[in-house]
Amino acid sequence: MANEILEEEFNIMDEQSGRIKVLDSNTFKKPIKDIKAGKPICLEIGQNVEDAIAMMQVKQFGCVLVVDDGKLVGVLTERDIISKAIGTGKELNEIPVEEIMTPKPQSFQPDDSLAFVMNAMTVGGYRHIPIVDDKNQPLTVVSVKDIVSFIVEHFSEEILNLPPK
């Protein structure tokens, strides 16, 4: 907790000092914990798809993490709902999340590099990657949007202000 507060203070100091960020190979070696990503939406095994959709709508996020006793066991995405639940004839409140989730999803640790995570997302076709602690408890979910935002922060003003063609 103290490390997170200290890191946040350094980030604020960097922004205020006007220090220029550079997009180079070192940027992609940074740990994934440097990405600004929110707290994950977690549902326990046994909850239904209707509950998952409601939470995704409220939080405006494209996936929920499914946990069993606090440990990650699956990911349920918008794609899973559309391809595995809609049109089945079942009511969404009758389908448990574990029936259509992606079980045993690939996950990463906070100190894994951005490049490593980006490669896994590309190879696996993932739009969301869970970040877990050493006990497999979810810490956050990094989305493609989070990564793009992080990269854009490193563009120079000249590039960000180029007129469209």
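## Charged pairs, cysteines and a pocket

Asp111 counts as exposed, with a relative accessibility of 56%. Its side chain forms a salt bridge with that of Lys33, at 2.8 Å from N to O. Please keep in mind as you read that this model is predicted. Across the whole structure, a search turns up 4 salt bridges, while the number of disulfides is 0.

**Salt bridges**

- Lys33 sits in the loop between helix 2 (25–29) and strand 1 (42–44), and Asp111 in the loop between strand 4 (102–103) and helix 6 (114–124), so their pairing ties together parts 78 residues apart in sequence.
- Lys33 is partly exposed, at 44% relative accessible area.
- Another salt bridge joins the side chains of Lys84 and Asp80, at 3.4 Å from N to O.
- Both Lys84 and Asp80 belong to helix 4 and are 4 residues apart, which is about one turn of the helix.
- Lys84 is partly exposed at 36% relative accessibility, whereas Asp80 is buried, with a relative accessible area of 6%.
- The side chains of Lys90 and Glu99 also meet in a salt bridge, at 2.7 Å from N to O.
- Lys90 is partly exposed at 43% relative accessible area, and Glu99 is partly exposed at 44%.

- Asp146 lies in helix 7, which covers residues 144–152.
- Asp146 is buried but has no salt bridge, and the nearest side chain of opposite charge, that of Lys145, is 6.6 Å away.
- Beyond its neighbours within four places in sequence, Asp146 contacts Ile35, Lys36, Ala37 and Val141.

**Cysteines**

- A disulfide is a covalent bond between two cysteine sulfur atoms.
- The structure has 0 disulfides; Cys42 is in none, and the nearest cysteine sulfur, that of Cys63, is 9.4 Å away.
- Cys63 is likewise in no disulfide, with the sulfur of Cys42 as the nearest cysteine sulfur.
- Cys42 is partly exposed at 32% relative accessibility, whereas Cys63 is buried at 1%.

**The second largest pocket**

- This pocket has a volume of about 230 Å³.
- Its lining is made up of 13 residues, and those nearest the centre are Val75, Thr77, Thr102, Tyr126 and His128.
- Strand 3 (71–77), helix 4 (78–84) and strand 5 (128–132) are the elements that each give two or more residues to this lining.
- Strand 5 gives the most to the lining of the second largest pocket, with 3 residues.

Conventions. Residues numbered from 1 in each chain as written. Predicted model: local features only at pLDDT ≥ 70, side-chain atom pairs only at ≥ 80, totals over all residues. Heavy atoms only, no water. Disulfide = S-S within 2.5 Å. Buried < 20%, exposed > 50% of the residue type's maximum accessible area, 1.4 Å probe, protein only. Lys, Arg positive; Asp, Glu negative; His and termini not counted. Contact = heavy atoms within 4.5 Å. 1 Å grid on protein atoms, 1.4 Å probe; cavity = no way out; pocket = protein on both sides within 12 Å on 5 of 7 lines; lining within 4 Å. Points joined across faces, edges and corners; volume = space filled by probe spheres on them.
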